[in-house]
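This briefing looks at charged side chains and how they pair. Please have the sequence and the model open while reading.

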Amino acid sequence: MSQERNLSVVIVDDDPSMCEMIRDTIEKKIPGAGVTVFNTGEDALAGITSEPDFVVLDYQLDTVKPDAMNGIQVLSKLKARYADLPVIFLTGQDRIEVASNTIKYGAYDYIVKNETAFHKLELAFTQLKNLRTLKKSNGFQKVMNMVFWILALGLIGYLIYLRLH
């Protein structure tokens, strides 16, 4: 039986303790996931060399570097590079205009850092894993449908050939 590729997850947050808590949550919910952490959006954009399965992104990323890009700027650049990349915002920003802007720019989900944040993050991971499985099975189904039609058309062609000869 073939081994499924482990998920690749990127965390972009300027708070090291938050990064560790997010990493622990990911590793608990998705055993074997490859987790990469960046403390600024600029570092993430420079360090991400292939499309991850999803990204957990903070909005305010300026404690390490005061003039750092914010999460929406990072999201915009990530989406320009990887249009279908699911990005989950996990942030202390509970302003509705920030949340709506993240969704407008293509965020998959917006979670406010509070007492239910990690539970919501786990739910988002489950949804993304299920979505990934569904897309994979749909792709397999399309291939099998194509194989069926090729075989059916070949059989019809062969029967016509036999009938004519």
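Is E20 buried, partly exposed or exposed? E20 is partly exposed, because its relative accessible area is 41%, where buried means under 20% relative accessible area, exposed means over 50%, and partly exposed lies in between (1.4 Å probe, protein chains only). The model is a predicted one, in which local features need pLDDT of at least 70 and side-chain atom pairs count only at pLDDT 80 or more, while totals for chains, interfaces and linings use all residues. Residues are numbered from 1 along each chain as its sequence is written, and side-chain values use heavy atoms, with hydrogens and water left out.

**Salt bridges overall**

- Across the whole structure, the search finds seven salt bridges, a salt bridge being a side-chain nitrogen of Lys or Arg within 4 Å of a carboxyl oxygen of Asp or Glu.
- Salt bridges also link D13, D58 and K113 in a network.

**A pair inside helix 1**

- E20 and R23 are joined through their side chains by a salt bridge, with an N to O distance of 3.7 Å.
- Both residues belong to helix 1 (residues 16–29), where they are three residues apart, about one turn of the helix; helices (H or I, at least four residues) are DSSP runs, numbered from the N terminus.
- R23 counts as partly exposed because its relative accessibility is 21%.

**A pair between helix 1 and helix 5**

- The side chains of K28 and E122 form a salt bridge at 3.1 Å, N to O.
- This pair links distant parts of the chain, with K28 in helix 1 and E122 in helix 5 (residues 117–164), 94 residues apart.
- K28 has a relative accessible area of 61% and is therefore exposed, whereas E122, with a relative accessible area of 19%, is buried.
- When its neighbours within four places in sequence are left aside, E122 is in contact with T25, K28 and K29, contact meaning heavy atoms within 4.5 Å.

**The R95 and E97 pair**

- A salt bridge joins R95 to E97, and the closest N and O atoms of the two are 2.8 Å apart.
- R95 has a relative accessible area of 40%, so this residue is partly exposed.
- E97 likewise counts as partly exposed, because its relative accessibility is 41%.

How values were computed. Helix = DSSP H or I, 4+ residues; strand = E, 2+ residues; numbered from the N terminus.
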